[in-house]
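Here is a short report on a protein complex. Look at the sequence and the structure first, then read on.

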Amino acid sequence: MSALAQQWGESLRSATPAQGPRWLDELRLRASDQLTAHGLPQRKDEDWKYTPMRVLEKLNPAIAYHPGSENHFLEKGQTTERGLNGKWFSDPIFPAALLDKPDYEIRVYDGVLVGHEGSDRPGVTVLSLTEGLQRYESLLRKHIESVDISGSAQAFTALNTATLNQGLVIHIDQQVDAGTMLLRWALSGKAGPSIHNFRVFLLLGEGTRLQLIEQFESADHSGSALNVVVHVELGSNAVLDHLRLQNESENTVLMSSTRIDQAQGSRYLYAGFDLGGGLVRHELKTVFGGSGAHATFLGAFVLDNARHVDNHISVDHASPGCSSEQFFRGVLGGRSRGVFNGKALIRPGADESSVRQSSANLLLSPLAQIDTKPELEIYADEVEARHGATVGQLDEAAIFYMRSRGLGEAEAKRLLVAAFCRAVTDRLENQALAGRISQLIDQAMPSFTQEN
Amino acid sequence: MHGELKEVYKPMSSEPTQVDSTSANPSSVDHFVQQQYRYGFVTDIESETVPPGLDEDVIRWISARKEEPQWLLDWRLEAYHHWLKMSPPDWAHLKIKPIDFQAISYFSAPKSDKDRPKSLDEVDPKLLETYEKLGVPLHERARLAGVVAVDVVFDSVSLGTTFREELKKAGVIFCSFSEAVHDYPDLVKQYLGTVVPSRDNFFAALNSAVFSDGSFVFIPKGVRCPMELSTYFRINAADTGQFERTLIIAEERSHVSYLEGCTAPMRDQNQLHAAVVELVAMDDANIKYSTVQNWYPGDENGVGGIYNFVTKRGDCRGDRSRISWTQVETGSAITWKYPSCILRGDSSVGEFYSVALTNNYQQADTGTKMIHIGRNTRSKIIAKGISAGHGQNAYRGLVRITKNAENARNYTQCDSMLIGKNCGAHTFPYIEVSNPSAKVEHEATTSRIGEDQLFYCLQRGISEEDAVSMIVDGFCKQVFRELPMEFAVEAKALLEVSLEGAVG
């Protein structure tokens with residue numbers, strides 16, 4: 001077992017036990033035991049084959065514990081030094097104008113909720129985990145207990161559960177349109193490198209609608225780690241439009257694990273953009289619990305230097321008549337490494353299912369690497385499933401064409417990369433937002449579009 | 001030491017290719033689904049078999065019996081000691097009951113082996129009869145204008161080799177592995193285990209320890225093998241694992257096409273088959289390796305059938321060398337097989353064409369690995385999976401472009417067809433690219449057999465059976481056309497026999 005896992009194990013054993021409902025205390029202990037017994041993910045864990053822990057081990061973060069006094073959500077609109085106007089958040093990436101005025105803005109700094117602001121909408125409840133556990137205990141318990149924490153492959157969900165103390169609960173009553181929420185994450189390395197754990201619950205009732213925009217961007221680049229577990233419950237016909245933009249520093253480690261439970265006719269639309277980070281992994285798993293549900297996973301990663309981004313998507317067609325799509329575009333320069341693992345499982349009886357997977361990648365540097373693995377596991381016959389994966393380069397003829405018309409080589413390459421990523425941004429509904437993301441993508445590709 | 005004589009011949013319930021073309025009524029074709037394995041019988045020949053179990057003594061016994069040199073015994077023992085430390089792979093998409101490796105007998109040879117026939121004419125007529133039952137009459141094949149030379153592997157010992165003289169004239173060595181060990185020890189020693197090391201994986205290590213026999217082919221520089229080489233394998237004695245080892249070496253500018261086909265008798269106990277095939281292609285050499293695998297698949301309830309764990313790997317050592325694998329996998333209860341190419345030489349080419357069919361309770365986890373190391377290397381993968389009944393069919397493939405493999409190119413297409421409600425089709429492609437000049441394309445589709453196509457055929461008076469067979473044939477065409485002609489015919493027939501009645 002790695003030195004880091006041992007260090008975490010000792011830290012967990014000597015930590016003051018958090019106080020909570022009895023079932024939760026017991027679960028924390030179980031998770032702690034799991035992590036201590038199995039350690040960090042290893043290369044032999046099939047799901048971690050392409051994502052080594054080197055960057056995390058080099059960062060060597062200590063587990064951050066947050067004393068109980070900070071458990072409570074700040075009063076709405078209340079700000080602290082670290083809050084809404086605090087210096088730890090950089091300028092908002094998305095100006096309010098682009099977001100159709102976000103109805104809520106919520107900030108999590110170093111794994112602690114530090115503020116929220118927004119208009120009151122009836123039927124929309126935003127709570128801290130402590131408050132949420134008082135109000136929706138059985139509902140949250142169901143989700144918390146459903147998380148797999150066994151074995152080294154689940155080390156990060158185990159760590160998150162073992163330290164479960166900080167979180168955010170968003171609950172939307174039936175038939176309510178909750179508008180747009182902006183969830184901003186930032187990290188500091190002020191107390192030395194730490195790993196912060198946080199839990200999010202998005203509980204959308206029947207016929208609800210929410211646009212959630214997550215933004216991971218720290219103003220402080222001294223390096224830290226964030227380990228987030230997200231539970232999404234979509235009632236029948238609910239729609240969650242979930243956009244995630246990650247533009248962290250190269251010293252940052254981000255592990256996210258999102259589990260989506262979809263009822264009949266619900267729609268989950270995910271779009272993830274990874275333009276930064278040192279070691280980043282997003283695990284997203286959706287389960288269709290009712291017919292007619294749909295999930296789309298769009299993603300683009302544009303990586304430079306030694307960044308490593310791993311997207312693990314899994315769709316469980318447990319009900320008939322559902323459709324899913326995974327659509328990823330990767331651009332890799334420098335010494336970066338990109339990983340795409342898309343799984344689709346169609347269970348026996350899940351007829352009339354449709355699955356599409358696409359992973360296209362541009363490899364632009366001799367030291368960059370891409371590993372892609374679109375998997376299909378199909379046990380029903382009335383289905384349509386297809387996947388495609390490609391790895392290639394920029395089209396030399398296209399570059400020549402542009403250069404012959406007076407464009408510089410770097411500019412020509414930039415245009416081609418931008419066009420390649422447009423395949424993803426073009427599919428976003430909010431085109432103003434898509435335009436802003438395209439700009440960010442443009443900024444994220446400095447070195448590999450240089451003249452050579 | 002002598003195996004018991006058993007007679008478990010089961011008559012066929014019907015002529016399998018007979019189709020009721022006047023009716024597409026599903027019930028009228030039920031008997032096709034339930035039809036018995038066509039090739040189920042055991043030939044009544046005394047066998048010499050070691051008692052079940054594996055230890056050092058068994059390996060020493062096998063080696064001594066085959067009068068092997070010390071170095072080969074040492075090699076076997078080293079593999080055995082390593083095997084003891086290994087555990088069976090569990091990553092494949094297969095449900096396998098644990099195999100008791102001590103319950104298997106590791107050597108079986110027809111008794112008449114001591115008096116080895118000099119030519120096919122001297123082969124025990126009962127053996128020849130066996131091949132007649134298999135539908136592969138040797139004399140007919142031999143008559144095919146001397147095109148095919150057949151090295152017959154009956155259980156574990158090679159019996160006779162046809163056309164050896166003619167091959168000898170061309171300088172081609174085609175003989176059983178045991179003979180090669182005696183006659184060409186330097187060649188065997190030079191190449192054995194250089195493509196699939198004895199420690200490569202659990203089953204390759206087991207094979208290295210106990211391999212019984214197999215084929216050895218050597219094509220010298222600049223020689224185009226004058227005929228297609230062919231080996232028919234056949235598992236015969238009950239409870240006897242077969243551990244063939246095949247080694248094919250193609251020197252500079254040589255060409256060879258090798259055919260491997262197999263059927264096995266009906267038996268209720270699972271039998272283990274763990275073969276190793278090693279191919280070496282030097283500069284500008286070309287090896288084409290074709291397989292039709294029709295081991296006993298178990299009955300319609302999933303009882304019995306062969307466990308087929310095969311390690312096949314080709315090493316394109318030379319520049320501009322080419323290795324092409326073509327396989328039609330219709331048999332075995334379990335198939336675990338990934339014929340691979342290591343594209344070491346610059347501008348070398350690897351190809352993999354596969355049709356895998358699973359019906360009833362068959363399970364297959366098969367695919368390929370293309371490891372691009374040299375510059376300008378190219379690979380192509382065409383895999384077609386057909387699942388029917390409760391069959392589970394998985395494609396598992398790796399395409400790896402290493403750092404120095406400039407301008408590597410891969411194209412992969414894997415399509416799966418589902419016939420029926422209870423079967424499964426799975427695709428697990430691994431694509432690992434570390435060189436920016438690589439072009440890799442992978443596409444896969446999974447769908448049920450086209451209802452519109454079926455409807456179109458039925459509407460024009462074609463029976464459902466014929467329609468399915470036509471559609472499946474079209475689905476597999478890309479692979480079939482890579483097979484040598486007579487193999488393609490056999491493969492097509494096999495697929496029809498295995499599938500008829502699956503729709504309805």
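## Terms and model

Two strands pair if DSSP finds at least two bridges between them. Helices (H or I, at least four residues) and strands (E, at least two) are DSSP runs, numbered from the N terminus.

This is a predicted model: local features need pLDDT of at least 70, side-chain atom pairs count only at pLDDT 80 or more, and totals for chains, interfaces and linings use all residues. Residues are numbered from 1 along each chain as its sequence is written, while chains are lettered from A and ligands numbered from 1 in the order in which they are written.

## Confidence

The predictor gives the complex an ipTM of 0.86 and a pTM of 0.85. Each residue also has a pLDDT, the predictor's confidence from 0 to 100. Chain A averages 88, and 90% of the residues score at least 70. Residues 76–85 of chain A have a pLDDT below 50. Beyond near neighbours in sequence, that stretch has 19 contacts in the model. (Two residues are in contact if their C-beta atoms, placed from the backbone, lie within 7 Å.)

Chain B averages a pLDDT of 79, with 74% of the residues at 70 or above. Residues 111–117 of chain B fall below 50 and have ten contacts beyond near neighbours in sequence. Residues 137–148 of chain B are also below 50, with 17 such contacts. Where pLDDT is low, the predicted coordinates should not be read in detail.

## Chain A as a whole

Chain A has nine helices and 20 strands. Its radius of gyration is 21 Å, close to the 22 Å that the globule rule gives for 452 residues, so chain A is as compact as a globular protein of that length. The radius is taken over C-alpha atoms, and the rule is 2.2 Å times the number of residues to the power 0.38. Along the principal axes, the C-alpha atoms of chain A fill a box of roughly 70 × 50 × 45 Å.

Of the 452 residues of chain A, 54% count as buried. A residue is buried if 20 or more other C-beta atoms lie within 10 Å of its own, exposed if 12 or fewer, and partly exposed in between; the C-beta atoms are placed from the backbone. Take the contacts in chain A with a separation of 6 or more: residues 24 or more positions apart account for 85% of them.

## Where the chains meet

The contact takes 30 residues from chain A and 28 residues from chain B. Strand 19 (369–378) and strand 20 (383–392) of chain A each supply at least two residues of the side that touches chain B. That side of chain A divides into 13 nonpolar, eight polar and nine charged residues. Here Ala, Val, Leu, Ile, Met, Phe, Trp, Tyr, Cys and Pro count as nonpolar, Asp, Glu, Lys and Arg as charged, and the others, Gly among them, as polar.

Strand 19 of chain A pairs with strand 23 (residues 424–433) of chain B in the antiparallel sense, over six bridges. Ile378(A) stands opposite Ala425(B) in strand 23 of chain B.

## The nonpolar core

A nonpolar core is a set of buried Ala, Val, Leu, Ile, Met, Phe, Trp, Tyr and Cys residues joined through C-beta atoms within 7 Å. The largest one has 238 residues. Leu202(A), Val302(A), Val217(B) and Ala250(B) have the most contacts inside it. Leaving aside neighbours within four places in sequence, Val302(A) is in contact with residues including Leu275(A), Val331(A) and Cys421(A).

What about strand 8 (residues 245–250) of chain B: how many of its residues are buried? Six of the six are, so strand 8 is largely enclosed by the rest of the structure. Arg245(B), Leu247(B) and Ile249(B) lie on one side, and Thr246(B), Ile248(B) and Ala250(B) on the other. Strand 8 of chain B runs parallel to strand 6 (residues 215–219) of chain B, joined by four bridges. Val217(B) stands opposite Ile248(B). Strand 8 of chain B also pairs with strand 11 (residues 276–281) of chain B in the parallel sense, over six bridges. There, Ala250(B) stands opposite Ala281(B).

Strand 12 (residues 286–294) of chain B is mostly covered, with nine of its nine residues buried. Eight bridges join strand 12 of chain B to the parallel strand 14 (residues 322–329) of chain B. Asn286(B) has Arg322(B) as its bridge partner in strand 14 of chain B.
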